[in-house]
Amino acid sequence: MIKRTGLTSSEVKKQQKIHGFNEMPIGDRHTFLHSLFNVLTEPMFGLLLVAGAIYLIIGSLEDALILLGFIAISIAITLYQQRKSEKAIDALKDLSSPRALVIRDGIKQRIAGKEVALGDLLVLEEGSRIPADAVLIECHDFLVDESMLTGESEPVDKSSNELIYSGCLVIRGAGIAIVQAIGLKTELGKIGTSLGEIEGLESPLQQDIAILIKRFAVYGLALSFIVFLIYGIAYQDWLQGALSGISLTMALLPEEFTVILTVFMALGVWRISRQQVLTRHAPVIETLGSINTLCVDKTGTLTVNKMSLQGLATQSEILNLANNSKNLSSDQFELLTYAVLASETEPFDPMEKAFHEGLSLHRKNHADNFQNFHLAHEYPLDPEFPAMAHLWSSPENSEDHLVAIKGSPEAVMPLCRLNDSQTLDIEKQIATMASEGMRLLGVAKASYRKESALWPDNIKSFHYEWLGLVGLKDPLRPEVPAAVKQCQDAGIRVIMITGDHAVTAQAIAKQAGINAERHLSGKDIDGMNSDQLTKAVSVTSVFVRIKPEQKLKLVQALQANKEIVAMTGDGINDAPALKAAHVGIAMGQRGTDVAREASSLVLLNDDFSSIVNAIRQGRQIYDNLHKAIIYVIAVHIPIAGAVFIPLLFGAPPMLSPIHILFLEMIIDPTCAIVFEMEPPEHNIMLRPPRDLNQKIFSASNVSMAIIQGFGLMVIVTGLYLSLLHLEYSQNFATTISFGSLVLGNLLLIIVSRSRHEHILNILKRSNPSQKWIIGIAIFSFMALLFIPFLRERFDFSMIDTAGVLLILISGLMSLFWCELTKFAFKVIPKKPD
């Protein structure tokens, strides 16, 4: 005997302890040794190991050991950053896995697919992805797509006591099943199929960065080879030439770009998840800042998705239940009863829950004539005909059935043979109730005597009698008007899509702050050609009586206007539109697994404001990525110049590999931590959307970085060459110039935190990681000066007050130059009209 209350919590734990979790083994997990090998084979570490070998050849064991020590620290930092990114992704695995609706302890619960245990009772609905192999114990019109398993495209009709398989999709109907196999024991597991939800980075930005690194590597190697030849031929010092060549290659190789992209995208996915939005495809982060049109479903996204019964309209009167506590008349009670009979017996839909609750409230005053009737057959909701019907068999005679139908008034009314006067009266009732923001359904009844084994072909085969209208209200989420205003300020047009009546939709749109002057219905859309629709969608923000397949037409029409479209959806038929949109957003609470799989983002709380927060987060991530890129390009120019320019003047090199590695230990965590943690600028949602075709390595970005870096290079190398010209020792000149370079680097970090604000405003914004990195960098530089062993290895000397003043003055000059460059580029974005 199967318990309809499902497993208890203790039974679940026992089953999971014996059989494990319902998941496939992860095959691409990187071990520590694998990650270490990948780090050691990167070009930068290869160059450092060659430099260490050269130090050993020339007999400088201490220099080699210091270099190897810094290599170990740098490897540790890199592995830490990789692990942090992996943990951010791992934290999202449970959210991104297929979900399951189960009955446990007598309560319906939605859980991650991996938590499903043997013996669990699964509640399966249209659009659900079956999470484990199971046996149906109850079902109605249950149709399953098993193509993933069998390759057959034709859906399979299932009945009670039949097996259903993990990974297959419920196309139609509903059912309850008991789990028979999980994980590798399922049919899907036996053939070794594993579905990954969070995909690897395959981004155009990643491709751009890879190309740029290759170009830098080619230029760097060519220039380094020239340096090597100059030292060898002109000075007969081939080993020093090799060290200088390695130093120049290290200075010109911006390997930080790869770190930036990996860390920013991985942590970006995690940060967006904190806004209750799951990112299924990380490259979509690049697109979030470009969205200029946001198409959202009204129900459950703009509204709270908690329906309450507000009105009943029979042919004699309209009863407003919100302000009326009187008993229902017999006609009104019959209307409500048939609304319940046309609903699921265990409702999941908020409207059907409202009908059940309303009937329970008023049943005590009326006789329940249908308590012993049995549900014999159902006609589910059809996208082509927005109505559903249930047939109930009489306890006295199983051949006699009553038919209950509910659906949009426009669909139900033509089935009821109404005369013109009755139709006009109902249309007036619709207008009155819709103007109050009610969502309306028409309800009718019929009788049917079954005289053959087959049921009638479709829902229209019966002779219906009109009973009336039921009105429901789903209040607007309180935060929606402010969120819509934020979108409009950010240059994003919000479009509302609904299956409701036009008057209801316009009332809700006005409350939300959406332009409701014009509206288009699904019927209007079907009557337009592509050119007419493209023109119409440019001036319309409310779409009513929309079928799921018409969403695809809307997306394509908006895209024809060069708009960057985000689209929400929750049903099977929403999948094409979600896939076609630049950003498809599936509903996490009420959405089907098919919709989730077709989307780029999953809205975990189905809340409109979470979409707006995700767009803001996406803009912030891309904005900070810009800052990090500008910083990395700018900081590499003075480092490369400090290696190459002294050679042109016949001076000894200012930097060796050990100096550059010290600087890299500041640069790497800066670009991956400081800029990633940088809070959003105050006007981030007051800017127009970014052009989707705009490259992050734009002429403006690269030019500003080059000019900033060039200024720092002139200051640092000019200081070094001037000190040598004034016959100061090389160690003193190196110490002062290196101190100037370190200070210029730290000031560049602060300056680069904003592309348009001056440094005083930047310092008012908190960024704890900046304090730590700057503090550690200053402390480390002081250690190089005051610890004799390190001072000798870095070829430094002690400096006096005059030397400190030189470093501070050069730092102020660097700060002035960077700030002047920002001002000259006029990067302050304009507020959209």
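**Exercise 1. Is E410 buried, partly exposed or exposed, and what is its relative accessible area?**

Before we start: this is a predicted model, where local features need pLDDT of at least 70, side-chain atom pairs count only at pLDDT 80 or more, and totals for chains, interfaces and linings use all residues. Residues are numbered from 1 along each chain as its sequence is written, and side-chain values use heavy atoms, with hydrogens and water left out.

*Solution.* 
- Step 1: recall the classes. Buried means under 20% relative accessible area, exposed means over 50%, and partly exposed lies in between (1.4 Å probe, protein chains only).
- Step 2: E410 has a relative accessible area of 42%, so E410 is partly exposed.

**Exercise 2. Find the side chain that meets E410 in a salt bridge, and say which parts of the chain the pair ties together.**

*Solution.* 
- Step 1: a salt bridge is a side-chain nitrogen of Lys or Arg within 4 Å of a carboxyl oxygen of Asp or Glu.
- Step 2: E410 meets R545 at 2.8 Å, N to O.
- Step 3: E410 sits in helix α15 (residues 409-412) and R545 in the loop between β19 and α21 (548-560), so the bridge joins parts that are 135 residues apart in sequence. Helices (H or I, at least four residues) and strands (E, at least two) are DSSP runs, numbered from the N terminus.
- Step 4: R545 has 22% relative accessibility, so R545 counts as partly exposed.

**Exercise 3. Decide whether K627 and E681, another salt-bridge pair, are buried or exposed.**

*Solution.* 
- Step 1: their side chains meet at 2.9 Å, N to O.
- Step 2: K627 is in helix α24 and E681 in the loop between α25 (657-674) and α26 (699-725), 54 residues apart.
- Step 3: K627, at 1% relative accessibility, counts as buried, and E681 is buried too, at 2%.
- Step 4: now widen the view. D623, K627, E681, R687 and R755 are linked in a network of salt bridges.
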